[in-house]
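Here's a quick briefing to read with the model open on your screen. Have a look at the chain first, then work through the notes by topic.

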Amino acid sequence: VTVEAINIDRNTSPMDITMTLVEEADGSLTGELEFSTDLYQCDTASQMCRHYVSFLESVMFNSNQLVGKVDYLSAEEKQSLLGVKINGGRSGGARKDFECNLTLDGWFEQSVLRYPNDVAMTETDNSLTYQTLNSKANVLARVLQGKGVGRGSYVGISLERSSNVVVAILAVLKTGATYVPVDPANPKERIQFILDDAQIDIVIVDDVSKISLPLAGRKSVDVSECCSPLEDDNLERLHNVDDIAYVIYTSGTTGKPKGVEIPHANVERLFYATESDFGFNNGDVWTMFHSYAFDFSVWEMWGALLFGGRLVVVPKVVAQAPSEFYRLLKNEGVTVLNQTPTAFTHLIKEDEVQCIDEGQSSVSPLPSLALRYVIFGGEALDFSALENWVSRHGYNAPALINMYGITETTVHVTYHKVNE
């Protein structure tokens with residue numbers, strides 16, 4: 001039998017990407033990376049090979065390090081990533097080193113000192129000033145402390161969407177504890193899993209959730225106790241920026257909920273890093289459109305409250321009715337709107353209807369939209385879907401910003417201003 005090696009040239013790759021390693025007679029390793037050119041450029045594939053070799057060398061020199069801590073970037077790549085000017089006109093230069101030294105509740109309390117009588121939150125026809133919101137949170141925090149809640153505790157929050165959600169979040173953080181959002185609209189199996197997995201001993205509830213939640217063996221605190229006759233001054237702060245602020249459960253790659261812990265410092269750094277791009281200020285009006293169990297709500301809530309802005313709580317029924325939501329945007333003078341692309345497509349259609357109605361109606365039209373920014377996140381953005389909106393409003397009034405991130409990286413990690 002005669003065996004002869006035959007090289008077969010293929011014009012297509014059977015897999016998206018395949019790496020093959022072969023140990024040679026002298027003990028050395030040779031490798032080959034085969035990839036689909038429809039998915040990867042040659043430069044990208046070459047970079048993958050360099051990263052893999054760098055990874056192996058790093059492990060070889062320090063075999064005791066954690067896999068997640070292995071450094072495989074070259075000095076040039078680090079400089080490029082941290083200092084390059086980003087497409088879209090953002091400020092480039094060297095990366096800023098942000099010194100995070102304020103907890104979220106501490107930063108909020110600074111806003112209270114600056115804007116005590118300004119409106120912090122609006123909910124339908126009711127409003128709370130910064131001072132009132134802070135006082136309510138302080139009272140509820142003392143109630144929680146009386147139940148044994150403190151630094152290191154994990155507290156569930158299961159409330160219908162309202163201003164009470166923000167009161168509860170602030171109260172938990174002021175005690176030094178971590179809040180775990182539990183949407184009462186979730187399936188009971190998911191709720192039970194989250195409560196068990198996070199080892200939650202106490203849950204902040206309202207009239208609805210106190211009945212529907214599986215609270216056997218757990219303590220509960222009614223959010224209405226924020227009106228109890230207790231001291232309403234700020235609590236002594238015993239926690240720091242490295243403490244966990246919240247745990248949000250994602251679906252996980254397998255469909256099983258996965259808890260992601262995010263410290264105060266991560267959220268603080270997020271706003272330090274984006275402040276120059278957006279110019280956050282106390283004249284801004286944000287909507288709390290998303291569920292507080294979705295991390296887009298972290299961006300919405302703190303974007304308003306850390307800078308003296310106003311947060312408008314969007315009732316669930318309004319969020320699900322484009323015409324009512326559009327009216328809310330106009331009446332409240334919302335300047336910063338955060339949307340998933342899917343939700344915004346409904347708003348685009350409603351905007352078209354409103355523009356037609358205003359042009360044909362003999363009655364005075366509603367005030368114009370005050371939007372400065374529409375910020376997209378949560379899913380992929382189809383730019384072609386924006387054409388009708390852009391034809392009426394252009395690219396700058398409001399500016400359309402596409403951002404991306406996952407819960408593990410604290411809401412957003414990329415920024416792209418949509419333009420022609």
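**Quick tour**

At 55% relative accessibility, T124 counts as exposed (exposed is over 50% relative accessible area, buried under 20%, partly exposed in between, using a 1.4 Å probe and protein chains only). Keep in mind that this is a predicted model, where local features need pLDDT of at least 70, side-chain atom pairs count only at pLDDT 80 or more, and totals for chains, interfaces and linings use all residues. Residues are numbered from 1 along each chain as its sequence is written, and side-chain values use heavy atoms, with hydrogens and water left out.

- T124 has a positive phi of about 55° although it isn't a glycine, and T124 sits in the loop between β3 (119–123) and β4 (126–129). Strands here are DSSP runs of E with at least two residues, helices are runs of H or I with at least four, and both are numbered from the N terminus.
- T410 also isn't a glycine, yet has a positive phi of about 70°. You'll find T410 in the loop between β15 and β16 (414–417), and at 3% relative accessibility T410 counts as buried.
- Going from A397 to P398, the peptide bond is cis, with omega near 10°. P398 is in the loop between α13 (387–393) and β15 (399–404).

**Cores**

- The largest nonpolar core has 68 residues, and L133, L140, I204, F271, W299 and W302 touch the most other members. A nonpolar core means buried Ala, Val, Leu, Ile, Met, Phe, Trp, Tyr and Cys residues joined through side-chain atoms within 4.5 Å.
- Helix α5 (residues 163–174) supplies the largest share of this core, 9 residues.
- There's a second, separate core of 25 residues, which includes V285, V314, F325 and F344.
- Helix α9 (residues 296–305) is largely enclosed by the rest of the structure, because 10 of its 10 residues are buried. Among them are W299, E300 and W302.

**Strand β7 and its partners**

- In β7 (residues 202–205), I202 and I204 point one way while V203 and V205 point the other way, and all are buried. In a regular strand the side chains alternate between the two faces of the sheet.
- Strand β5 (residues 154–158) runs parallel to β7, joined by 4 bridges; strands pair if DSSP finds at least two bridges between them. I157 has I204 as its bridge partner in β7.
- β7 also pairs with β8 (residues 219–222) in the parallel sense, over 4 bridges, and V203 stands opposite S220 in β8.
- Leaving aside neighbours within four places in sequence, I204 is in contact (heavy atoms within 4.5 Å) with residues including L140, I157, A168 and V223.

**A buried charge**

- E350 lies in helix α12 (residues 341–360).
- E350 is buried yet has no salt bridge, as the nearest side chain of opposite charge, R327, is 7.7 Å away. A salt bridge is a side-chain nitrogen of Lys or Arg within 4 Å of a carboxyl oxygen of Asp or Glu; Lys and Arg count as positive, Asp and Glu as negative, and His and the chain ends aren't counted.
- Not counting residues up to four places away in sequence, E350 touches P322, S323 and Y326.

**Cysteines**

- The structure holds 0 disulfides (a disulfide is a pair of cysteine sulfur atoms within 2.5 Å).
- C42 is exposed at 53% relative accessible area, whereas C49 is partly exposed at 29%.
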